Structure formats: C-alpha cells, structure tokens
Amino acid sequence: MNNILNFETMEKILQKIKEYDRILIFRHFRPDGDAVGSTKGLQAILRATYPEKEILLCNDDYAQYLEFLGPEDGEIPEEKFADALGIAVDTGTIDRLSSKKFELCKETIKIDHHIDNNPYGDISWVEDFRSAACEMIAHFYDTFRDELVMTKDAAFYLYTGMVTDSGRFKYDGVTGDTLRLAGILLDQGINTEWLFANLYLDEFDQLKFKAHVLEKMQITENGVAYMIIDKAMQEEFNLTQEDASASISYLDSIKGCLSWLAFIESGDEKGTIRVRLRSRFVPINTVAENYRGGGHAYASGATVYTMEEVHSLIAEADAVIKEYKETHEGWL
C-alpha cells in the first residue's frame, strides 16, 4: 500500500472515530508489550482528545509482567457492543483476539503491522514494514497532531511497545521513522529508567532459570538453538507461562545460530506446546505457518501437540538455516 492510500485509510479511521460515541479497543490474547502499549496508548490519546466519548479496552486476559502499565477496563456489558466502533490493534487474525465479541460491534477497524494473510474489519490499515503497532499509533497521532492530543501516559504506553517489539530498536524493521516517532514520545518526558527497570530487572529465580537454559539448550547441526521447557521445569523454577516464554531471548546472541526456538509446555489437557521462533538474516515465519502459526518474518509463533511435531519443526528450521548459509555470505 502506498503512502497516499495509507493516508486515505487513516483519514477514514479518524472520521469513524469522530462519528461514534462509544469505541471499544481490542488486542490479541497472551498480550505482549506492543499489544498492551498500543491499545492503552490509543485509548489515552482518544480519551484526551474526545473526553465526551466512552473509550474502553475490551480484553479477556492480561500479562502479569506488564502490570506496571496499570489496570484495564475489565468485563464490558454485552449491550455496549451493538452501537460501538470496534478497533482491533496488533492482531493479525481475528481468531487471535482476546475478546471474541469484536464482531458484535456495529463497525470494525483493523490496525496491524503483521503480514496480512487474513484480512478482516470494515476498514483495514496494515503496514507490515513497521517495527510495532505502537509505531503505527504514534504515526497516526503525528499525522493528525493538529486534532489529536498526546499525553505523557499515552507516550509512555506507546514507547513501551516500541521498545519491546523492536528489541530496544535493534531488530529488522527499525527505520529512521521509527526513531523519529520515538523521539516525539520521549519529548513528553517519559521516565525511561523506571521503564527499563520494570521491563528488564530479573527475580532471583529467573536468573537461576536462565543459567539452567544456557546449560541445557541444544544446537542443531546447521545452527538452530532450541530449548524445551516442560511443566516440571516451570514448577522447579516457579515460572509463569510468561516467564517461560521470555526464555527465547536467552538464546539470541550465539554466533552461528541464525534461528532460536523455545517450546513451552502448557500442561493443558490437549497437550499444547507453544512455540516461539526467532531468527536473524533469514525469515522463519514460513516454518511457523506449517505449525498453526505465523507472524513476522523474523519473529513468529506456532503451536504443536506432540514431541514428533517438536522434532519435525526443529528439522524444518534446521533445513531453512542450512539452505540460507549455503547460499549467502556475511552472516554471523
């Protein structure tokens, strides 16, 4: 989509926001910093701009490690949906929305930065080149800054999502525009020291777990690092599912390993194993798509149910890395 069409789409979104007295904002389940930051940031901007409107967050689950961003709105009565505008942010497919009531809204909007394999919404604004959905919301504000109101809280939420989804601005997808928009947010007076303390200080048990991961991780022949985190390990180290999932970041700095995977056993009756896939230089989302998942080129998620599927996914990732290394130079 070119810049003219993007601007026209944003104008349509702003017009719809103006038309409705009630706006419900949705995100994906098992939220990360970008999902929470983008929705809370958009809510704060709209509440400051239109204090007469009812702007609510509509979600059914929460992230413990993001509690420092403050509470959300809890359960919303069903009668509030029929005459509302629904805005889904940072959610590539409608089935990943935390609340399943999105389609009860009178009209719906999708704002997202994932590859648009499953379009939805009456209006869809997707920019898959953006580092974060929070970057899109910051861009939306900047485009209409003569009409919209930025607050310090809104800037804090959005900056949090940009920091987390971009790996502190080091992942592929970070551009000059990303940093310029981050600068607009920093100008609001964000306390970055407090933010980074909340995001990156570890409990003692987490440090012991990290040491365990580094000791027990395995590496395939062609350079895929991986870790299987079963329920017993989660109980041993007193881990939440969020803590276990965060272990993917422990494997991201190994020379020669262009992809790294974390398999997290959920312990549910279906035997669900969540998979987090990451890579550098070589896209890994095609592997995720073969296992009930998808996402960004270099950061994706998937779901498997058996150890046979675990080993099959590892083998596919290893084959992708092998082919890349044989046909490219300059990788580390």
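Trainee: Against which helices do the buried residues of α4 pack?

Mentor: This is a predicted model, in which local features need pLDDT of at least 70 and side-chain atom pairs count only at pLDDT 80 or more, while totals for chains, interfaces and linings use all residues. Residues are numbered from 1 along each chain as its sequence is written, and side-chain values use heavy atoms, with hydrogens and water left out. Helices (H or I, at least four residues) and strands (E, at least two) are DSSP runs numbered from the N terminus; buried means under 20% relative accessible area, exposed over 50%, and partly exposed in between, with a 1.4 Å probe and protein chains only. With contact taken as heavy atoms within 4.5 Å, the buried residues of α4 pack against α2 (33-49), α3 (133-143), α5 (176-186) and α6 (192-200).

Trainee: How many of the 14 residues of α4 are buried?

Mentor: The buried residues include Phe 156, Tyr 157, Leu 158 and Met 162. Helix α4 is largely enclosed by the rest of the structure, because the buried residues number 11 of the 14.

Trainee: How far apart are the end C-alpha atoms of α4?

Mentor: The expected span of a helix is 1.5 Å times one less than its number of residues. For the 14 residues of α4 (residues 152-165) this gives 20 Å, which agrees with the distance between the end C-alpha atoms, 20 Å.

Trainee: Which strands stand at the edges of the sheet?

Mentor: Two strands pair if DSSP finds at least two bridges between them. The 5 strands form an open sheet with parallel pairing, in the order β2-β1-β3-β4-β5. Each edge strand has a single partner, so one side of each is left without a neighbour in the sheet; these strands are β2 (54-57) and β5 (123-126).

Trainee: At about what angle does α3 run to β5?

Mentor: Axes are lines fitted to C-alpha atoms, for helices over the stretch in contact, and angles run from 0 to 180 degrees between N-to-C directions. Helix α3 lies across β3, β4 (107-112) and β5, and its angle to β5 is about 110°.

Trainee: How many residues of β3 are buried?

Mentor: In a regular strand the side chains alternate between the two faces of the sheet. In β3, Leu 85, Ile 87 and Val 89 point one way and Gly 86 and Ala 88 the other, and all are buried. The strand is therefore largely enclosed by the rest of the structure, with a buried count of 5 of the 5.

Trainee: Which residue of β4 stands opposite Leu 85?

Mentor: Strands β3 and β4 run parallel and are joined by 5 bridges. In β4, the residue opposite Leu 85 is Glu 107.

Trainee: How far is the nearest cysteine sulfur from that of Cys 105?

Mentor: A disulfide is a pair of cysteine sulfur atoms within 2.5 Å, and the structure holds 0 disulfides. Cys 105 counts as buried because its relative accessibility is 7%. The nearest cysteine sulfur belongs to Cys 58, at a distance of 7.1 Å.
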